[in-house]
Amino acid sequence: MADPLTSVLDPLAQVGRVAVIQVTTDPTVDDFDYIFDAPAGLRAMSFHGEGSSFGAGTLSLQCSNDRSNFYVLPTAVSITANGVASVALADLGYHHYRIHLTGSTNPTLTATVVLNLDPQ
């Protein structure tokens with residue numbers, strides 16, 4: 001299977017105490033998953049999807065504590081068109097998160113997760 005992402009800005013490409021994770025799709029691959037670990041001191045998280053086509057798919061943020069089995073956050077975060085969503089404070093206690101695109105055909109989009117961390 002081809003790599004579904006044309007580019008990745010990985011976590012902790014930090015600017016001060018804000019970390020940004022950004023993945024951009026390759027429109028020749030329909031769905032993708034991108035896993036990242038929650039950094040120490042995570043205080044807030046937001047989720048953003050932007051592009052010319054979601055390919056009729058749903059972009060969501062999922063959680064896991066074992067990095068194998070991922071589930072919808074208790075306060076579900078998903079978008080089907082350009083937009084943003086905040087992650088509930090109660091949903092910040094997991095070890096791993098996954099940006100998940102499913103049900104898409106030829107998507108052209110960028111998913112961005114912004115992590116606000118405790119000041120040092």
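In which sense do strand 2 and strand 9 pair, and over how many bridges? Strand 2 (residues 18-25) and strand 9 are antiparallel partners, with seven bridges between them. Two strands count as paired if DSSP finds at least two bridges between them. Strands themselves are DSSP runs of E with at least two residues, and helices are runs of H or I with at least four residues; both are numbered from the N terminus.

**The model and its confidence**

This is a predicted model, in which local features need pLDDT of at least 70 and side-chain atom pairs count only at pLDDT 80 or more, while totals for chains, interfaces and linings use all residues. Residues are numbered from 1 along each chain as its sequence is written, and side-chain values use heavy atoms, with hydrogens and water left out.

The pLDDT is the predictor's confidence in each residue, from 0 to 100. For the protein its mean is 87, and 86% of the residues reach 70 or more. Confidence is lowest in strand 1 (residues 5-9), where the mean is 53, and highest in strand 5 (residues 58-64), where the mean is 96.

Strand 9 covers residues 108-117 and is mostly covered, with seven of its 10 residues buried. Buried means under 20% relative accessible area, exposed means over 50%, and partly exposed lies in between (1.4 Å probe, protein chains only).

The loop between strand 8 (96-102) and strand 9 contains Ser-104. Ser-104 has a relative accessible area of 4%, so it is buried. The side chains of Ser-104 and Asp-31 are joined by a polar contact of 2.9 Å. A polar contact is a pair of N or O atoms within 3.5 Å; within protein, one must be able to donate a hydrogen and the other to accept it, and residues adjacent in sequence count only if both atoms are side-chain atoms. Leaving aside neighbours within four places in sequence, the residues in contact with Ser-104 are Asp-30, Asp-31, Phe-54, Gly-55, Ala-56 and Gly-57. Contact here means heavy atoms within 4.5 Å.

Asn-106 lies in the loop between strand 8 and strand 9. Asn-106 is not a glycine, yet its phi is positive, at about 55°. Most residues other than glycine have a negative phi. Arg-67, in the loop between strand 5 and strand 6, also is not a glycine and has a positive phi, of about 65°.

Four strands form an open sheet in the order 3-8-5-6, with antiparallel pairing. Strand 3 (32-37) and strand 6 (71-79) are at the edges with a single partner strand each, so one side of each has no neighbour in the sheet. On average, neighbouring strands of this sheet are turned by 20° against each other, direction ignored. Axes are lines fitted to C-alpha atoms, for helices over the stretch in contact, and angles run from 0 to 180 degrees between N-to-C directions.

Within this sheet, strand 5 and strand 6 pair in the antiparallel sense over five bridges. Ser-60 has Ser-78 in strand 6 as its bridge partner.

**Aromatic rings**

The structure holds two aromatic pairs. Rings of Phe, Tyr and Trp (its six-membered ring) pair if their centres lie within 6.5 Å; planes under 30 degrees apart count as stacked, over 60 as edge-to-face and the rest as tilted.

| Pair | Centre to centre | Angle of planes | Kind |
|---|---|---|---|
| Phe-36 and Tyr-97 | 5.8 Å | 25° | stacked |
| Tyr-94 and Tyr-97 | 6.3 Å | 85° | edge-to-face |

Ring pairs link Phe-36, Tyr-94 and Tyr-97 into a cluster. Because Phe-36 lies in strand 3 and Tyr-97 in strand 8, their pair ties together parts that are 61 residues apart in sequence. Phe-36 is buried, with a relative accessible area of 2%, and Tyr-97 is buried at 0%. Tyr-94, with a relative accessible area of 22%, is partly exposed.
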